[in-house]
Amino acid sequence: MSLMSVLTRDEAQARARLLDVHRYEIALDLTRGDETFDSRTVIQFTVRGKKKAADTFVELKPAELRSVTLDGEPLDPETLDGNRLPLKGLTAGKHELRVDAAMRYSRTGEGMHRFTDPTDAETYVYTQLFMDDVQRVFAAFDQPDLKALFDLTVTAPEAWTVLANGITAQQDDGTWRAATTPLISTYLVAVAAGPWHSVRTEHRGLPFGIHCRRSLAPYLDTDADEILDVTRALYDRYHEKFEEPYPFDSYDQAFVPEFNAGAMENPGLVTFRDEFVYRSAVTDTERQTRAMVIAHEMAHMWFGDLVTLKWWDDIWLNESFAEYMGYQTLTEATLGGTPPRKWGTDTWVDFGIARKAWGYDADQRPSTHPVAPEAVDDTAAALLNFDGISYAKGASALRQLVAWLGEKDFLAGINAHFTRHRFGNATLADFIDNLAGATERDVHAWADAWLRTTGVDTLTPKVTRAADGTYTLTVDRTGSRPHHIAVGLYDQDLGDDQGHLTLRDRVELDIPQTADQPIGKRPALLLLNDGDLTYAKVRFDPDSFTAVTGHLCGLPDPLTRAVVWNALRDAVRDAELPPTAYLEAARTHLPRESDLAIVQGVLTFATTQVADRFLTPDQRATGLSTLGSLCRDLIRRTEDGDNPGLRLTAVRHAIDVATRPETIAAWLAEGTVPGGPELDPELRWRVLGRLAVLGAVDAAAIAEELKRDPSASGQEGAARCRAALPEPEAKRAAWEAMFTTDDLSNYLFTATAQGFWQPEQADLLREYVERYWADAVSLAARRGPAMAEAAGRWAFPVYAVNPETVGLGKRCLQDDGAIPALRRKLVDQLDDLERALRVREA
């Protein structure tokens, strides 16, 4: 059998010109054992009028192809070439293809993933059919613009419930049948089967349901009201914004195990990673993140499901819009409760401090690409573009578009787009035309400047004193995009010992400027992009930098503070601000910071990037000590119990930066931090992981903790801890598990990789830095894109910040052996290593 083939854009366009696909009838049998399931598919399609017969192909990746018939005539299963079954000599008119196959269950989160819960031995399966993984479940003409109706029946074990895109019902013969879908793309078909714990309700006549593994039932029940309140509020707000009503017959949300993404927008059956069913304490910001993901996926019901991209070069039409709409609509939605709750601008603070940085980082690597690239030649290339550019940068561009266009015209264009392309496919050109029809602004020029270019613009203020003693502002721009921004002018309250900065004025400005902007008297702080409405790095003039370093925590608005923290972060990454200066700013200002998203974002960057990568080994101990002192300050500040989320965040990071085991070992022994919180499973595994790194526990202690928590999360915690032990045998066992046996699921691989590389263990790990390249290439070739991404992201030697590691990586990339998913991660990781070296050298 030949190697699997990726679908090219030219092939997809040729097939779309040839075929109309009408209906799929899919019958799955999930009772055939642990390794495979049966898949029987009937596809009804039409070949458009041709004078001569035409050839095409259908895709599938079977364990065994039993039989194929076309219009009642058998085809030879041996003609299957990789993942393509040729269909030759097709005449104009209607045809029916029947395929009977056995398909393999997946352990990598692709296709039909199978998971057995170690807590109670119950088994669950679910589909993730994105890009080309539908071929792992049923035969299909697998491209987004060949939409069809889908009829699905599933044979499942007696105690199971089957969920699908439409309402499901168990038949007299024991099988489950799902209601026929509207026209949808193949990658959006979804099945989730198992002994689910379900909470069901109805809203505005539509069935709603949330579902999880039985072992997570108590935790889902605890949060069910919150999840359903958020879902109802978002549903109502989207119906206020969109003229097209929700287009499907039900809305189920299934929290599924070992899910690779955050969530997937399957129409009527959204799947989420089940870490969103919280077993341990979380912060309000983490709850807000869950709500945002719910909002993001619901937006996809319109952006992506009702109107779908024609080809994968328009990924941004799905992801950028869902990202922007998710944050904006959550900001606007009113939740239940007394008084009614709104997150307000808190959502954009979290976006600015966490999500946006993802976009900035991706856009400065060699692998950067436009938000809307013009050349996505095949599905393998398309898969690489699901990154911080397609999500965070694209959402930032849309936020800037709304600021420039106005929300009224923006929504008018969106609604015209839905009306014209409902249950169909559309392109960037279609969308821009619909926006242009709602405004007099030149949206086409905006799209060319924002969506067809790469890189991050940098905005730098220049303040000039005029003859009359007043000042003017000129903004220098490195880059080419137009920007509509707000400029904050802040004065220092000289009578305030805390050094608060008071907003004098917020000036709107278009860049490039047509004239200097008068700003009156010299402000203590002049902040470009106040309110974070554009996507650009900002710099400070010297006086403003002095004000920021002295009085950052005195800025009144958290979104303003997020812009400042991002500017400091960018300056560190660009080797313009010493990483020690960033730590000092954190040490000075975080103890008085009130916004939890900012505290979490700054501490995460300070720990995982500054201390672990940007500081030299000689500096690292001092850096960790600074962070430890900061965390202790935050813990002392929260002794009154007023801010449990801030205290939890401080405790987590205090564990992560501990350089001596005594304090955290005492917490583990007592089962609590003095004054709280008690150590729940997440905190216990976190402490044990750090103790493992420090050599203060052994394998027996890890095994004992696993007896205490034998859950799936416990299995991952134990794998992480065992790999973190500073012992040669532990490292050998972890490496073999990751790269030799292929027994690890996607989640257990990731957990093992997270434990393996530790900055404290550089000498012990030196031999594995050299082994990594060949072993990662081999693993990716065997186990496919999802595991390749995991190997490139989590198993990469990120702490080996030296020219030798860069040299090894570049020699690896000279060989064509790495599949695209791994090659992309290696390119990005090597660029990050070189950036870390530049920061250290500076």
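This is a predicted model: local features need pLDDT of at least 70, side-chain atom pairs count only at pLDDT 80 or more; totals for chains, interfaces and linings use all residues.
1. Cis peptide bonds. The peptide bond between Ile511 and Pro512 is cis, with omega about 5°. Pro512 sits in the loop that runs between strand 25 (501-511) and strand 26 (517-520). Another cis peptide bond joins Gly676 and Pro677, where omega is about 5°. Pro677 belongs to the loop between helix 17 (662-670) and helix 18 (681-693). For context, most peptide bonds are trans.

2. Positive phi at Ala121. Ala121 is a residue other than glycine, yet its phi is positive, near 65°. The residue is found in the loop between strand 8 (111-116) and strand 9 (123-128). Because its relative accessibility is 55%, above the 50% cut-off, Ala121 counts as exposed.

3. Positive phi at Ala575. Phi of Ala575 is likewise positive, near 60°, in a residue other than glycine. Ala575 is placed in the loop between helix 12 (558-573) and helix 13 (579-589). Its relative accessible area is 32%, so Ala575 is partly exposed, a class that lies between 20% and 50%. Most residues other than glycine have a negative phi.

4. Nonpolar cores. The largest nonpolar core contains 260 residues, and Phe45, Phe410 and Trp565 have the most contacts inside it. Helix 14 (residues 596-614) contributes the largest share of this core, 11 residues. In soluble globular proteins, nonpolar side chains tend to be buried together.

5. Surroundings of Phe410. Which residues are in contact with Phe410, leaving aside its neighbours within four places in sequence? They are Phe321, Tyr324, Met325, Leu398, Leu401, Val402, Leu405 and Leu435. Phe410 is also one of the residues with the most contacts inside the largest core.

6. The second largest pocket. This pocket holds about 560 Å³ of space. Its lining has 29 residues, and those nearest the centre are Pro617, Pro759, Ala762, Tyr799 and Ala800. By class, the lining comprises 16 nonpolar, 5 polar and 8 charged residues.

7. Elements around the pocket. At least two lining residues of the second largest pocket come from each of helix 14, helix 15 (617-637), helix 23 (762-783) and helix 25 (803-813). Helix 23 gives the most, with 5 residues.

Note on methods. Residues are numbered from 1 along each chain as its sequence is written. Side-chain values use heavy atoms; hydrogens and water are left out. Helices (H or I, at least four residues) and strands (E, at least two) are DSSP runs, numbered from the N terminus. Buried means under 20% relative accessible area, exposed over 50%, partly exposed in between (1.4 Å probe, protein chains only). A nonpolar core is a set of buried Ala, Val, Leu, Ile, Met, Phe, Trp, Tyr and Cys residues joined through side-chain atoms within 4.5 Å. Contact means heavy atoms within 4.5 Å. On a 1 Å grid over the protein atoms alone, a cavity is a set of points where a 1.4 Å probe fits but cannot get out, and a pocket is an open set with protein on both sides within 12 Å along at least five of seven lines; lining residues have an atom within 4 Å of a point. Grid points are joined across faces, edges and corners, and a volume is the space filled by probe spheres set on the points. Ala, Val, Leu, Ile, Met, Phe, Trp, Tyr, Cys and Pro count as nonpolar, Asp, Glu, Lys and Arg as charged, and the others, Gly among them, as polar.
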